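Reader: Could you take me through this protein model with care, one question at a time, and give the cut-offs behind each term as it comes up?

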Amino acid sequence: KTKEEEQPSSMATRILWQPGSATSEEGEPCDGSQIPSSFLCSLTHQLLDHPVISPYGDAYEKETILKWIKKKGDLCPRTGKPLHKEDLVPDNDLKLAIDQYRLKQRIVNVM
């Protein structure tokens, strides 16, 4: 038997999340519009994994905004105001909400 034949047909489709895409186990693209916008990085518009908040209220993926600051300088990408890596604060409440959403939607982070 193949792996697919061994799985019960009643099993819910799991959504696999990869940066830049979301697909079902069948490889079909998933519509990201159902993901709450507050769960998306303000730069990449991808589901956050390690959210940090700027002093201006924007949520960013930690690695993404640190790369932005290193490459573009100490400026907020949205406001153009000063933004230093020390200004970024991990948002543990948002991370918890996203983790719960992933479990509910069966979205997994695939590295």
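The questions and answers below go from the whole chain to single residues.

Author: This is a predicted model, in which local features need pLDDT of at least 70 and side-chain atom pairs count only at pLDDT 80 or more, while totals for chains, interfaces and linings use all residues. Residues are numbered from 1 along each chain as its sequence is written, and side-chain values use heavy atoms, with hydrogens and water left out.

Reader: In what order do the elements of the protein run from the N terminus on?

Author: Helices (H or I, at least four residues) and strands (E, at least two) are taken as DSSP runs and numbered from the N terminus. The protein has 3 helices and 6 strands. Read from the N terminus, their order is α-β-β-β-β-α-β-α-β.

Reader: What percentage of the residues of the protein count as buried?

Author: A residue is buried under 20% relative accessible area, exposed over 50% and partly exposed in between, with a 1.4 Å probe and protein chains only. The areas come from the Shrake-Rupley method with that 1.4 Å probe, and for residues only the protein chains shown count as cover. The protein exposes about 7600 Å², of which carbon and sulfur atoms supply 53%. Of its 111 residues, the share that counts as buried is 25%.

Reader: Which residues of helix 3 are buried, and how wide is the arc that they fall within?

Author: Helix 3 covers residues 92–105, and its 14 residues reach 20 Å from the first C-alpha to the last, close to the 20 Å expected at 1.5 Å a residue, where the expected span is 1.5 Å times one less than the number of residues. Its buried residues are Leu94, Ile98, Tyr101 and Arg102. Because an α-helix has 3.6 residues a turn, residues three or four places apart point the same way. The buried residues of helix 3 line one face, since the directions from the helix axis to their C-beta atoms fall within an arc of 100°.

Reader: Which residue caps the N-terminal end of helix 3?

Author: The face of helix 3 turned away from its buried side carries the exposed residues Asn92, Asp93, Gln100, Leu103 and Lys104, and just after the helix Arg106 takes a positive phi of about 60°. At the N-terminal end, a side-chain oxygen of the capping residue lies 3.3 Å from the backbone nitrogen of Asp93, and that capping residue is Asp91.

Reader: Which residues does Ile65 touch, not counting residues up to four places away in sequence?

Author: Contact here means heavy atoms within 4.5 Å. With residues up to four places away in sequence not counted, Ile65 touches Leu43, Val52, Tyr60, Pro77, Leu83 and Leu88.

Reader: Asp49 has a polar contact through its side chain; which residue is the partner?

Author: Asp49 lies in the loop between strand 2 (21–24) and strand 3 (51–53), and it counts as buried because its relative accessible area is 14%. A polar contact is a pair of N or O atoms within 3.5 Å; within protein, one must be able to donate a hydrogen and the other to accept it, and residues adjacent in sequence count only if both atoms are side-chain atoms. At 3.1 Å, the side chain of Asp49 is joined in this way to that of Arg102.

Reader: Is Asp58 buried or exposed, and which side chain does its own side chain join in a polar contact?

Author: Asp58 lies in the loop between strand 3 and strand 4 and counts as buried, at 10% relative accessibility. Leaving aside neighbours within four places in sequence, Asp58 is in contact with Ser42, Val52, Ile53, Cys76 and Arg78. Its polar contact of 2.8 Å is with the side chain of Arg78.

Reader: Which residue has its backbone nitrogen 3.1 Å from a polar atom of the Glu61 side chain?

Author: Glu61 lies in strand 4 and counts as buried, at 15% relative accessibility. Its contacts, leaving aside neighbours within four places in sequence, are Cys41, Leu47, Leu48, Asp49 and His50. The backbone nitrogen in question, 3.1 Å from a polar atom of the Glu61 side chain, belongs to His50.
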